[in-house]
Amino acid sequence: MPGSQTRSRARDRNNVLNRPEFMSLNQPPRREQVAGEGRGGGGGPRRPVFRQQSQQEDAGGRGPRESSDRGDAADGGVKDGSRWPEQDCMQLNPTFRGIAISSLLAIDISLSKRLGMCVGAHSAGAPLRSIVTLLALTGHALPWICGTLFCLWRSNTLAGQEVLINLLLALILDLMTVAGMQKLVKRRGPWDLPPGFLDYIAMDMYSFPAAHASRAVMVCKFLLNHLVLAVPLRILLYLWTFLVGVSRVLLGKHHLSDVGCGFALGFLHFSLVESVWLDSATCQTLISIGTLRWTPLV
């Protein structure tokens with residue numbers, strides 16, 4: 001029996017396949033090697049990989065997790081690769097609405113710059129600059145509020161005081177609404193000119209909407225609705241409203257779209273004031289509060 005064991009050990013030592021460099025030939029093929037052979041196509045010589053037992057155990061413990069991580073990374077890479085062109089691509093096919101809005105804005109800026117003939121002292125409309133500035137001043141908030149207060153102080157009739165009180169409230173409403181919208185939008189004028197001293201007083205520091213145009217339309221509708229005017233005066237009032245809006249474009253303060261939106265906003269202010277019209281008793285109460293005489297409640 002001992003002799004047979006000795007002979008078997010000698011046979012194992014003489015066996016070539018039991019040598020360390022040929023140990024991998026006795027092991028079954030691994031999955032990674034099969035996958036590598038499938039990818040490589042069997043074009044090159046196979047190189048055996050030797051690992052220690054501890055490394056094999058560690059690899060066996062980490063194998064499923066690493067393989068799953070590699071699979072997730074591969075899937076994520078594919079998914080990210082499929083998403084990247086959609087996220088980073090440019091809008092090469094814009095919508096018709098976007099094209100129309102961009103075209104209208106470009107036309108608005110171009111026409112507004114061309115119509116700004118009274119911007120500088122050396123511009124084409126420089127000789128008319130003083131007249132246009134005076135015309136634009138007639139639509140400013142300060143002259144209208146001061147003039148309304150003066151007429152209210154000189155008025156002695158209840159009907160006149162009622163109309164003037166409602167006109168004063170309409171002017172204040174127009175001033176606050178336009179100032180709030182300009183502060184919200186913050187659109188600069190076509191020539192980006194700094195606001196003047198009177199503009200700071202009336203809080204007219206931005207371009208959209210045009211405060212002078214809004215005020216002119218509101219005052220025009222108010223006077224036409226509550227005053228009896230002849231036909232020539234009505235035509236002059238309409239013409240004044242239009243010229244006030246155009247004067248702001250000639251001075252380079254507003255775009256054409258700003259003036260158009262100002263006209264629409266002024267008409268909206270007039271409609272709002274007409275819907276909440278204050279009667280004579282309420283107006284007398286407000287006058288008594290303003291003059292510190294509480295006569296209606298005595």
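A residue is called buried under 20% relative accessible area, exposed over 50%, and partly exposed in between. With that in hand, here are the close-ups of this predicted model.

**Figure 1. The chain as a whole is built from helices, with 13 of them and 0 strands.** Read along the sequence, the pattern is α-α-α-α-α-α-α-α-α-α-α-α-α. The chain has 298 residues, and 26% of these count as buried. Take the contacts between residues at least 6 apart in sequence: 72% of them join residues at least 24 apart.

**Figure 2. Trp-144 and Trp-240 form a ring pair between helix 7 and helix 11.** The model has 3 aromatic pairs by the ring-centre rule. In this one, the ring centres of Trp-144 and Trp-240 are 5.9 Å apart and the planes stand at 55 degrees, so the pair is tilted. Distant parts of the chain are linked here, since Trp-144 sits in helix 7 (residues 141–154) and Trp-240 in helix 11, 96 residues apart. Trp-144 has a relative accessible area of 21%, which makes Trp-144 partly exposed. Trp-240, at 16%, counts as buried.

**Figure 3. Phe-150 and Trp-153 pair their rings within helix 7.** The two residues are 3 apart in helix 7, so about one helical turn separates them. The ring centres of Phe-150 and Trp-153 lie 6.0 Å apart with planes at 55 degrees, and the pair is therefore tilted. Trp-153 has a relative accessibility of 63% and so counts as exposed.

**Figure 4. Helix 10 and helix 11 run roughly antiparallel to each other.** The axes of helix 10 (residues 211–226) and helix 11 come within 8 Å and cross at roughly 170 degrees. Angles over 145 degrees count as roughly antiparallel, which is why this pair of helices is described that way. From helix 10, the contact draws on His-212, Ala-213, Ala-216, Val-217, Cys-220, Leu-223 and Leu-224. Facing them from helix 11 are Arg-234, Leu-237, Tyr-238, Trp-240, Thr-241, Val-244, Gly-245 and Arg-248. Sorted by type, the contact residues comprise 10 nonpolar, 3 polar and 2 charged.

**Figure 5. Tyr-238 of helix 11 reaches Cys-220 and Leu-224.** Leaving out residues up to four places away in sequence, Tyr-238 touches Cys-220 and Leu-224. Leu-224 is 14 residues from Tyr-238 in sequence, and their C-alpha atoms are 9.6 Å apart. Is Tyr-238 buried, partly exposed or exposed? Its relative accessibility is 49%, so Tyr-238 counts as partly exposed.

**Figure 6. Helix 11 also meets helix 12, in a right-handed crossing.** The axes of helix 11 (residues 231–250) and helix 12 (residues 256–275) come within 9 Å and cross at roughly 150 degrees. These two helices are therefore roughly antiparallel to each other as well. Thr-241, Phe-242, Gly-245 and Val-249 of helix 11 make the contact with Leu-256, Val-259 and Phe-263 of helix 12. By type, these residues are 5 nonpolar and 2 polar, with no charged residue.

**Figure 7. The loop between helix 9 and helix 10 holds Met-203 and Pro-209.** Most residues other than glycine have a negative phi, and most peptide bonds are trans. Met-203 has a positive phi, near 55 degrees. The peptide bond from Phe-208 to Pro-209 is cis, with omega near -10 degrees. Which residues does Met-203 contact, leaving aside neighbours within four places in sequence? They are Leu-175, Met-176, Ala-179 and Gln-182. Gln-182 lies 21 residues from Met-203 in sequence, with 8.8 Å between their C-alpha atoms. Met-203 is partly exposed, with a relative accessible area of 33%.

**Figure 8. Asp-192 sits in the loop between helix 8 and helix 9.** Helix 8 covers 158–185, and helix 9 covers 197–201. Asp-192 has a phi near 50 degrees, a positive value in a residue other than glycine. Its relative accessible area is 48%, so Asp-192 counts as partly exposed.

Conventions. Residues are numbered from 1 along each chain as its sequence is written. This is a predicted model: local features need pLDDT of at least 70, side-chain atom pairs count only at pLDDT 80 or more; totals for chains, interfaces and linings use all residues. Side-chain values use heavy atoms; hydrogens and water are left out. Axes are lines fitted to C-alpha atoms, for helices over the stretch in contact, and angles run from 0 to 180 degrees between N-to-C directions. Helices (H or I, at least four residues) and strands (E, at least two) are DSSP runs, numbered from the N terminus. Angles under 35 degrees count as roughly parallel, over 145 as roughly antiparallel, 65 to 115 as roughly perpendicular and the rest as oblique. A crossing is left-handed if the near helix is turned anticlockwise from the far one by less than a right angle, and right-handed if clockwise. Contact means heavy atoms within 4.5 Å. Ala, Val, Leu, Ile, Met, Phe, Trp, Tyr, Cys and Pro count as nonpolar, Asp, Glu, Lys and Arg as charged, and the others, Gly among them, as polar. Rings of Phe, Tyr and Trp (its six-membered ring) pair if their centres lie within 6.5 Å; planes under 30 degrees apart count as stacked, over 60 as edge-to-face and the rest as tilted. Buried means under 20% relative accessible area, exposed over 50%, partly exposed in between (1.4 Å probe, protein chains only).
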